[in-house]
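Let's take a walk through this structure together, one stop at a time. Have the sequence and the 3D view open as you read.

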Amino acid sequence: MAISQSIIEEIKYKNDIESVVSSYISLKRRGKNLIGLCPFHGEKTPSFTVYPENGSFYCFGCKVGGDVFTFVKLIENLDYIDAVKTLAERAGVAVVESSQDDTLHQLKNTILEINRETARFYYSNLFKPEGKWALDYYLSRGLTPETVKSFGLGVALSGWDTLTKHLRSKGFKFEDMLQADVVSKSSKGTYFDRFRDRTMFPVINVRGNVVAFSGRRRTEDKTIAKYVNTKDTLVYNKSQNLFALNFAKAHCSEQIILVEGNFDTVSLHQHGFKNVVAPLGTAFTKEQAQILSRYTKEVILCFDSDTAGEAAVEKAFKILEPTGLSVKVLKLPVGKDPDEFLKKNKPSDFEKLIAAAIPETEYKLMKAAGNIEPESAEAKIKFLNSAISILASNNDPIAVDLYLAKLAKDYEVSKETLVTKLAQIKKSRAVAEKKREVKNIVEKRIDRNDVNPEKQGNETAAAAEEMIISILLKHPDHIRYITESVATYFVTSLNNRIFGAICEDIKSNQNCSISNLSDRFSDREIGLIIKLLNSEFIGNGPKETLMDCISVLKKEKEMSSNSLESDDWVTQMQKIAENKKGN
Ligand SMILES: [Zn+2]
């Protein structure tokens, strides 16, 4: 850990979890805790809980949990150290990093430095004779030199190792360049530029770091890939970043415009539309939808007006649905993309298109009505049925009422009939939803994706292990009842690892802090620890329960060596308690 423990504690103290989480999502009080809709997975009923008492959070849906640092790390998509720094800034605490830095963080920093230097190099190439073609290309497509500069656009030259040599001259190691995915390694072991003879768009994250690149081929030569993008690295996950969000984040609280391509994005920004972002060379993802929901209330889809674009709209509707964001579709004239449109029209014309963007429900109704025969009763019935099914997904009662009135008038049916039909559909959906919920609960009890897969077949031991951990988290002083041998009774390696880390932490700090564990466990493992920290306590006093659990573990161990059938965990606890009474 590069920042001292006392500073970490100070930062934590000054950033109470309730106010930090509330600045991202709305929370409702439930008893001494707060609940809200989880920002990390789509859900309609809140399972995200904040525990102000011990400064932690846990989601019962996706099982993510942690302290205020983990929360900021996940929601801002940062690494742990940057999350600490962000909260330090928020609270006005000065952070001094000690010289002994941890290697992973060091490597991430090196990758970011390599990326920054690479972006600079690609930009500077534009002004060399062999890179001039790319600058000419950008300008010919209507970009100004200022836009090229502010987006850091550049060019990868045609040579095999132009960048590799440049980075070497700056003192970077081949191994680190590979980690940044700006060079590749041949089967003979030589290193060469990953991007060659391409126009280059850097991807900059919300903290202003260059995290990746997207390169477009120079020629129309179909034998080479049109786009080459950075693979996922230690600092980059393509499904969790959006192109130009670093610029858009300050301009998008009301609405954000999602376009398909990087070029469209840059072009729109240049024309004053600063709230535009694009997915990164991939299809739009669930994670990207969740990110959008943290920055805005409304998403306007601005895709090409062709069949591929229409299919992309339908997909985006589905992906955006769990976020609860309002979604509209901007209709471009047939055959145009935003960049082409802006070349032939004024920015005010594009503003008109934004204002005329069609709400999701209306768009779907128009699609459904698309090619019905106005004379055919059968076609009308079919359309009205799908129309009602579309309206059943709209949660705005006023909008629904207006659409119903319009449908009734246009199709000459009584509004009451439509209302009845709508109620039927909603009811059957609610029933289906309930069934799904029950199924989920049942599946959760089996839980094949449990963070601790060794639990299966070792339920009794794992339950005792978890209780021991839970008690130590809540009563660190109870470590005095723990002897060296207890660790050897642990059956599941994850719980053993957690137990070891907690004991170590309590012994050196007299206390156990989640912040101390964050860099040793994955997010889901931290989630488990938080769940245990906040689990309801059952049983006698903590000391008795602790001793009982240790006995259960011992007995399980003995039984597994004698390979006897084991009782379940509650029965064992009861037997042990009864034996004690008998004594
Ligand atoms: Zn969740």
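**A loop to start from**

Begin at K63, which sits in the loop between β4 and β5. Helices and strands here are DSSP runs, numbered from the N terminus: helices are H or I over at least four residues, and strands are E over at least two. What you're looking at is a predicted model, where local features need pLDDT of at least 70, side-chain atom pairs count only at pLDDT 80 or more, and totals for chains, interfaces and linings use all residues. Residue numbers start from 1 along each chain as its sequence is written.

Is K63 buried or exposed? K63 is buried, because 22 other C-beta atoms lie within 10 Å. The cut-offs go like this: 20 or more other C-beta atoms within 10 Å of a residue's own makes it buried, 12 or fewer makes it exposed, and anything in between is partly exposed, with C-beta atoms placed from the backbone. The backbone of K63 also has a phi near 65 degrees, which is a positive value in a residue other than glycine.

D197 counts as partly exposed, because it has 19 other C-beta atoms within 10 Å.

**Stepping back**

Now zoom out. The chain has 583 residues, and buried ones make up 35% of them. You can count 26 helices and 16 strands along it, and the C-alpha atoms fill a box of roughly 90 × 75 × 50 Å, taken along the principal axes. E544 belongs to helix α25 (residues 542–562) and is partly exposed, with 13 other C-beta atoms within 10 Å.

How far can you trust the picture? pLDDT is the predictor's confidence in each residue, from 0 to 100. The chain's mean is 87, with 93% of residues reaching 70 or more. Confidence is highest in strand β6 (residues 154–156), at 97, and lowest in helix α26 (residues 569–582), at a mean of 68.

**Five domains**

The chain splits into domain 1 (5–91), domain 2 (103–202), domain 3 (245–356), domain 4 (367–436) and domain 5 (453–582), with bounds that come from an automatic or database domain assignment. The C-alpha centres of domain 1 and domain 5 lie 26 Å apart. Across that pair, 15 residues of domain 1 are in contact with 12 residues of domain 5, where contact means C-beta atoms, placed from the backbone, within 7 Å. On the domain 1 side, α1 (5–14), β4 (56–59), β5 (65–67) and α3 (68–75) each supply at least two of the touching residues.

**A five-stranded sheet**

Next, find the open sheet of five strands, which has the order β13-β12-β14-β15-β16 and mixed pairing. Its edge strands are β13 (276–277) and β16 (358–359), each pairing on one side only. Two strands count as paired if DSSP finds at least two bridges between them.

Strand β14 (residues 298–302) is mostly covered, with four of its five residues buried. Five bridges join β14 to strand β12 (residues 255–259), and the two run parallel; here V259 stands opposite C302. β14 is also joined to strand β15 (residues 326–329) by four bridges, again parallel. Look for I300, whose bridge partner in β15 is K328, and for L301, which stands opposite V329.

Finish at helix α11 (residues 262–270). Eight of its nine residues are buried, so α11 is largely enclosed by the rest of the structure. The buried ones are N262, F263, D264, T265, V266, S267, L268 and H269. Just after α11, G272 takes a positive phi of about 95 degrees.

Notes: Contact = placed C-beta atoms within 7 Å.
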